[in-house]
Amino acid sequence: MPFNIPILLTWLRVALIPLVVGVFYLPQLGLSRYEQGIASTIIFIVAAATDWFDGFLARRWDQTSAFGAFLDPVADKLMVTGALLVLVHLGRVHPIFAFVIIGREITISALREWMAQIGASKSVAVSSLGKIKTMAQMIAIPMLLYYDMLPGNIDTRLWGHVLLIIAALLTVWSMLYYLRKAWPLIKKMQ
């Protein structure tokens, strides 16, 4: 397993996931619901920033690796799944939306693994549609974790829900896109 700064940042993202969840469930912290929202939002944003930064550094310093390519999406999926489960528990996200988003991640991960095994991983490479979906999720989730008004009368509850609905729609659309791209190979294997 290679060890470099980009991989360290990815591991940091993995380590921050329990903190996003923990601020809501550790009574010893003595945080109010508002303080929990602020703390979890800040932690989530820091974790999300490492997602961009580790990829940037890996490409810039030519430190990309197969392990980094594996760990990065796993960290992203764990981060989103952990946050969505907290938001469902808090009643801020409907379970159907969480199921759609998490279910898509599992489905596409399995599809990518299978396509890699048959030597066709390029046919399900990350698309711009998937990146837009991820961006909508990464903005919606901290808004729903914060769940209060921002200066300028910005209602994070409203905008978080709107963006999560958009993310869920893009989730389904991108899943259908990837499945359609893989379909000729799936049919050939039957």
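Predicted model: local features only at pLDDT ≥ 70, side-chain atom pairs only at ≥ 80, totals over all residues.
Residues are numbered from 1 along each chain as its sequence is written, and side-chain values use heavy atoms, with hydrogens and water left out.

Helices (DSSP runs of H or I, at least four residues) and strands (DSSP runs of E, at least two) are numbered from the N terminus. Helix α3 spans residues 66–89, and its 24 residues reach 35 Å from the first C-alpha to the last, close to the 34 Å expected at 1.5 Å a residue, where the expected span is 1.5 Å times one less than the number of residues.

Among the residues of α3 that are buried are Gly68, Leu71, Asp72, Ala75, Asp76, Met79 and Val80; buried means under 20% relative accessible area, exposed over 50%, and partly exposed in between, with a 1.4 Å probe and protein chains only. An α-helix has 3.6 residues a turn, so residues three or four places apart point the same way. The cover over the buried residues of α3 includes α1 (5–25), α2 (33–60), α4 (95–117), α5 (128–146) and α6 (156–189). After α3 comes glycine 91, with a positive phi near 80°.

Tyrosine 147, although not a glycine, has a positive phi of about 55°, and it lies in the loop between α5 and β1 (149–150); at 25% relative accessibility, it counts as partly exposed. Asparagine 153, also not a glycine, has a positive phi of about 60° and sits in the loop between β1 and β2 (154–155), where its 68% relative accessibility makes it count as exposed.

Technical notes: Contact = heavy atoms within 4.5 Å.
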